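Reader: Can you walk me through this one? Start wherever you like and I'll ask as we go.

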Amino acid sequence: MSEGLNRRQLLAAAAATAMTAVAAGVPTPDVRRRLLQMNGYPLDAETPLDLLTTYLTPNDLFFVRHHWNPTFPDASTWRLTVDGEVERPLSLSLSDLKAMPRASATCVLQCAGNGRSLHRPIVPGVQWKYGAVGNAKWTGVRVRDVLEKAGLKAGARHLHTFGTDKPPEKVPPFHRSVELDKIREDGVIAFEMNGEPLPQAHGGPARLVVPGWAGDHWMKWLDRISPQAAPQTGFYMDTAYRYPKTPGEPGVAFKPDEMTPVTELFVKSNITESPAAARVGKAATIRGFAFSGAPDVAKVEVTDDGGATWSPATLGKDHDPHAWRLWSFAYTPKNSGRVTLHARATDSRGSVQPKNAVWNQSGYLYNAWPSADVEVSA
Amino acid sequence: MRRAGVAVVAAVVALVLAAGALVFAQSRPAPPEELPVAGTQLGEFPDGPMKAVADQACLRCHSTDMIRQQRLTEKQWTAELTKMAGWGAVVPEDQKAALIAYFVEHFGPDNDRFQPVVARPAP
């Protein structure tokens, strides 16, 4: 559970902060407040699981995924262009957006590739483990309100989305589209995250929020939306961010026509807290979070016998559509020895988290049962 | 005398605790200063004749981390290098095979050396 902070680093950090604290007369800072950096540049960093224990993930601990080194837009001169299949093309400033009715969505943002390093056989790409995911309150304006303001034409089916980040060399641009039916239902153009101005690292001044859908749809540094009849084309639509329609043989690459775009997140739970040791007959607390592309999580269960029998966990009271549910489970071991616990979530549509994830050559949407080992003594 | 000393020590401890609690209540825990700030490039490619070739091919767009965390077969490395060359990575034709061999040697399927950098959240 303390993955990413090795013993040497932890001791060094603790010793140095303790000395600083003594000198300054202040309490020892929380040395666990950290990210696990996967790439120095462009910055990719995940949140350690032991910090994903709150309903809202703090902005500075929220995972960061950049495709390339971004040029952050200046909020004072930033404009959002609305063109394409609309009656009245628009160019909106941040003030224009803020003058419109506000909308918020508290929901999970997960990188499509979260958990990639856990797929077998191994696949290339950022080797995320567990923490390219977080839950935040995103505030801005409804996409449908902006489209109504521009006068959406009847023939449009897909919203093409563009951001200000430009690829280096001959790398294809990150141009995307989202189905209009989905984005008009609950899509938000967010300029706040957890009540603060949207940080640049998370797409500020404004980004797209697509509740329940994977992060590749959540365009950062959004500067143009354009309704069109056809979906966007290009590398990041036609080759990347595609997932097999039906499971295949692990390690055998799927052909393009066997795949479909990644859209909704799959039902998934993770374990964030579990004791390394426990005693027979004494309850120990296991905690975690669970979410899905479906609006809610119906239940989370825990097994200590590899899935032969399951016991229900208690879901946290906080929930919103497509947000995660925190859960806890009081585990009372019956026998001594080394026990492996697993968790699984079931969503409000009845989808159950699988024992094994579907292998795919890009390593998307890993959602196998999480596990935690406990040494039980008599 | 001894009781007075104990009382003074107790009072000082209480004061320090109270002051500490006040400071703690007013500021959220600061991240440890000695961890690198997120976004810091630290790792280098392994020494060898291909290091300079890898530096030139890869580092214009991303840090060495992106390579060093991979665990790929020769077939996978060949596909990655072909993709990157198409996207603008400069690899002299007569160095391609050696560069792939270098990546397979250091970042093949049994590569377990990469650890994420434990970083302070950027301010």
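Author: In the hairpin of strand 10 and strand 11 of chain A, with two residues between the strands, A:N194 has a positive phi near 50 degrees. Strands here are DSSP runs of E with at least two residues, numbered from the N terminus (helices are H or I runs of at least four). Two strands pair if DSSP finds at least two bridges between them.

Reader: Before we go on, what kind of model is this?

Author: This is a predicted model, in which local features need pLDDT of at least 70, side-chain atom pairs count only at pLDDT 80 or more, and totals for chains, interfaces and linings use all residues. Residues are numbered from 1 along each chain as its sequence is written, and chains are lettered from A and ligands numbered from 1 in the order in which they are written.

Reader: What else does strand 10 of chain A pair with?

Author: Strand 7 (residues 133-142) of chain A pairs with strand 10 of chain A in the antiparallel sense over five bridges. Strand 12 of chain A also runs antiparallel to strand 10 of chain A, joined by three bridges. A:V188 is the bridge partner of A:R142, and in strand 12 of chain A the partner of A:V188 is A:V209.

Reader: Is strand 10 of chain A enclosed or open?

Author: Largely enclosed by the rest of the structure, because five of the six residues of strand 10 (residues 188-193) of chain A are buried. Buried means 20 or more other C-beta atoms within 10 Å of the residue's own, exposed means 12 or fewer, and partly exposed is in between, with C-beta atoms placed from the backbone.

Reader: Which residues touch the most other members of the largest nonpolar core?

Author: A:A45, A:I189 and A:A190, in a core of 94 residues. Strand 10 of chain A gives the most to this core, with five residues. A nonpolar core is a set of buried Ala, Val, Leu, Ile, Met, Phe, Trp, Tyr and Cys residues joined through C-beta atoms within 7 Å.

Reader: And what does A:A45 touch?

Author: Leaving out residues up to four places away in sequence, the contacts of A:A45 include A:L36, A:F63 and A:V64, and on the other chain B:A38 and B:A119. Contact means that the C-beta atoms, placed from the backbone, lie within 7 Å. Another core, of 17 residues, lies apart from the largest one, with A:I122, B:M50, B:A57 and B:M66 among its members.

Reader: Chain B again. Which sheet has strands from A and B?

Author: An open sheet of four strands, ordered 3(A)-2(A)-1(A)-1(B), with antiparallel pairing. Its edge strands, each pairing on one side only, are strand 3 (64-65) of chain A and strand 1 (117-119) of chain B. Three bridges join strand 1 (residues 35-39) of chain A to strand 1 of chain B, and A:L36 has B:V118 as its bridge partner there.

Reader: Is A:H322 buried or exposed?

Author: A:H322 is buried, with 25 other C-beta atoms within 10 Å. A:H322 has a positive phi of about 70 degrees although it is not a glycine. A:E169 also has a positive phi, near 50 degrees, but counts as partly exposed, with 13 C-beta neighbours inside 10 Å.

Reader: Last one, domains. How is chain A divided?

Author: Into domain 1 (1-34), domain 2 (59-240) and domain 3 (268-377), with bounds from an automatic or database domain assignment. The contact between domain 2 and domain 3 of chain A takes 18 residues from domain 2 and 16 residues from domain 3. On the domain 2 side, strand 6 (residues 103-110) of chain A gives the most, with three residues.

Key. Two residues are in contact if their C-beta atoms, placed from the backbone, lie within 7 Å.
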